[in-house]
2 protein chains.
Amino acid sequence: MSTKKVLVTGGAGFIGSNLVDALLASNHRVRVVDNFSTGKREFLSHHISNSSLEVLKADLSDEGICKNAVAGCDAVFHLAANADVRHGWDHPLFDIQQNTVVTQSLLEACRLTGIRKFVFSSTGSVYGDAKQIPTTEECPFPIQTSLYAASKLAAEGLIGAYSEAGVIDATIFRFVSILGPRYTHGHVYDFVKQLLADPTKLFVLGDGTQTKSYLHINDCVAALVQSLGWNNPLGILNLGTTEVVQVRESIALITQALKCSPEIQYSGGNQGWVGDNPYILLATDQIRSTGWSTSATIASSIVDTVNWLTENRWVFN
Amino acid sequence: MSTKKVLVTGGAGFIGSNLVDALLASNHRVRVVDNFSTGKREFLSHHISNSSLEVLKADLSDEGICKNAVAGCDAVFHLAANADVRHGWDHPLFDIQQNTVVTQSLLEACRLTGIRKFVFSSTGSVYGDAKQIPTTEECPFPIQTSLYAASKLAAEGLIGAYSEAGVIDATIFRFVSILGPRYTHGHVYDFVKQLLADPTKLFVLGDGTQTKSYLHINDCVAALVQSLGWNNPLGILNLGTTEVVQVRESIALITQALKCSPEIQYSGGNQGWVGDNPYILLATDQIRSTGWSTSATIASSIVDTVNWLTENRWVFN
């Protein structure tokens with residue numbers, strides 16, 4: 001694959017900064033645009049003397065900034081998003097602005113400048129409470145259960161319309177939750193944060209039976225980088241493992257890694273919060289047919305995450 | 001059914017004003033909010049002395065106006081939209097603003113004021129080029145083929161999220177194209193306009209084989225009014241006929257009604273425009289199970305439309 005100039009929106013975030021590492025390692029040139037609302041300078045600071053990386057602090061809500069952001073790039077990885085699934089109802093208009101309207105502004109910028117390659121990070125949450133598990137990309141049309149997922153599905157629809165109109169070559173990845181270094185939100189983060197503050201107690205949302213699939217960031221990023229070389233857009237692809245883990249099992253792995261035995265208090269109910277999907281497992285035959293496969297297990301991903309968080313306690317501040 | 005105070009957004013439009021007629025005829029009180037960008041005063045002027053109708057000229061892009069619009073209402077029919085499917089690419093950011101962001105502002109207004117009943121006019125276009133015909137509500141998850149449909153699907157997702165969170169009781173109708181009095185855009189309108197100007201020639205987008213289903217406005221409005229009495233929200237419902245018509249057959253009915261024999265020039269291809277779906281037929285078993293049925297045929301709907309347009313040529317100005 002020839003080297004490319006690649007825009008990574010949200011490139012200072014968890015997934016974004018890991019993608020930047022991988023792209024630079026493959027000799028691509030990278031432009032990061034991030035508003036640093038959740039992204040962190042520290043996640044990119046090891047590249048400070050690398051002239052192949054350009055970092056712009058800017059908010060993509062501005063259409064002009066979108067045009068500047070894509071200018072001169074061969075491909076766009078659009079990862080910037082409000083990824084706070086849980087607290088959507090605290091600021092209900094935020095998801096649609098940050099995740100949907102910004103996506104279209106970026107699509108417009110691509111249309112106006114002729115940039116065709118567009119890779120989007122969507123979410124397995126768009127399947128809502130899927131009737132079909134493992135859930136295939138062709139699963140019956142779901143009811144959205146969170147504003148986050150609704151805003152991502154809306155963005156997918158727009159990307160589909162631009163793609164069908166021949167404007168872009170798009171790949172949409174529907175991610176399960178991702179774990180690994182620089183992971184800074186979600187239940188493993190919450191649990192480790194609680195246990196580092198007080199290893200004797202752990203408060204858990206739900207009853208611990210929520211069953212989820214997690215993917216290691218290295219496996220996630222490998223799929224994203226690989227997609228840059230695809231000549232034909234592959235459309236919509238689930239990205240996850242074939243494994244699942246219950247929250248209770250996840251807690252056991254975390255407490256073992258942290259060498260503590262907290263008293264666990266469950267809030268009850270099979271949902272962690274309004275809109276939480278109690279069982280997520282995506283069918284990944286399509287992405288596997290491209291040759292991609294996972295190298296990490298969920299257990300090793302959890303332990304890797306706990307270790308990174310323990311060594312990087314500054315992220316809790 | 002007890003009488004209610006009902007907000008009809010887009011109430012001066014084709015479907016909206018017919019709905020207003022039907023709601024007033026059933027003794028409901030109605031508030032219309034319309035920005036009159038495509039809505040017409042003439043469609044409501046026969047109610048000028050009816051104190052049960054309140055008409056506000058306002059744009060729902062303003063969140064404050066959304067709150068004022070829903071205040072004191074028992075139910076919201078959200079019909080306001082940019083319904084210009086064909087020209088989405090002339091103003092790509094318009095659909096998402098008018099159809100998606102406005103919908104969420106209205107949902108927020110309902111949430112903040114405790115209004116639960118929310119009825120939404122979506123579109124069969126969300127199925128894109130459906131593989132399954134007749135297309136059921138549970139059809140596999142489609143790729144969007146127009147910005148209009150993408151923006152409507154996005155709005156559906158948001159409504160689903162508000163509904164699943166227990167904020168509202170929502171009914172989403174996915175309409176086929178609607179015909180009848182006050183119909184002011186679409187192929188019948190275009191053809192009648194051309195033929196009234198010059199009955200010897202007719203220019204047709206596509207090859208005339210596009211196959212669509214059409215519903216008479218009276219049958220459409222009957223379903224909407226009926227939904228007001230449903231105690232349990234029925235979720236997502238297709239609304240259409242079991243019949244289809246090819247553009248060529250439609251032309252035959254129009255020219256017969258207008259008593260002309262134009263020379264017909266086809267632009268070619270099986271799509272009328274980028275994103276046009278060449279075959280639309282929705283499965284309507286769900287709505288029929290509520291007791292609703294159609295009273296008009298497609299042929300009679302077309303003739304009724306042609307006659308209304310002929311008698312109301314002012315709409316072409």
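This section describes the sheet, the helices and the chain contact of a predicted model. Local features were taken only at pLDDT of at least 70 and side-chain atom pairs only at pLDDT 80 or more, whereas totals for chains, interfaces and linings use all residues. Residues are numbered from 1 along each chain as its sequence is written, and chains are lettered from A and ligands numbered from 1 in the order in which they are written.

Helices (H or I, at least four residues) and strands (E, at least two) are DSSP runs, numbered from the N terminus. Two strands are said to pair if DSSP finds at least two bridges between them. In chain A, seven strands form an open sheet with parallel pairing, in the order β3-β2-β1-β4-β5-β6-β11. Its edge strands, β3 and β11 (235-239) of chain A, each pair on one side only. From one strand to the next, the twist averages 20°; angles run from 0 to 180 degrees between N-to-C directions, and axes are lines fitted to C-alpha atoms, for helices over the stretch in contact. Strands β5 (residues 117-123) and β6 (residues 169-175) of chain A are joined by seven bridges in the parallel sense, and S122(A) has R174(A) of β6(A) as its bridge partner.

Two helices pack on this sheet. Helix α1 (residues 14-25) of chain A touches β1, β2, β3, β4 and β5 of chain A, and its direction makes about 165° with that of β2(A). α3(A) touches β1, β4 and β5 of chain A, with its direction at about 180° to that of β4(A). Contact here requires that the C-beta atoms of two residues, placed from the backbone, lie within 7 Å.

Burial was assigned from the number of other C-beta atoms within 10 Å of a residue's own, with C-beta atoms placed from the backbone: 20 or more for buried, 12 or fewer for exposed, and partly exposed in between. In helix α2 (residues 63-70) of chain A, the residues C66(A), A69(A) and V70(A) are buried. They lie on the same side of α2(A), because they cover an arc of only 85° around the axis, the arc being that of the directions from the helix axis to the C-beta atoms. The cover over the buried residues of α2(A) includes β1 (5-9), β2 (29-34), β4 (75-78) and α3 (94-113) of chain A. G72(A), with a positive phi near 80°, follows α2(A).

T38(A) is located in the loop between β2 and β3 (53-57) of chain A. T38(A) is partly exposed because 17 other C-beta atoms lie within 10 Å. The C-alpha atoms of T38(A) and A83(A) are separated by 9.3 Å, although these residues are 45 residues apart along the chain.

In chain B, four of the five residues of strand β1 (residues 5-9) are buried. β1(B) pairs with strand β2 (residues 29-34) of chain B in the parallel sense over five bridges, and V6(B) has V30(B) as its bridge partner in β2(B).

The contact between the chains takes 28 residues from chain B and 28 residues from chain A. On the side of chain B that touches chain A, α3 (94-113) and α4 (147-164) of chain B each supply at least two residues, and α4(B) gives the most, with nine residues. Helix α4 (residues 147-164) of chain A packs against α4(B) at an angle of about 170°, with the axes 8 Å apart. This makes α4(A) roughly antiparallel to α4(B), a class that holds angles over 145 degrees.

Key
Parallel < 35°, antiparallel > 145°, perpendicular 65-115°, else oblique.
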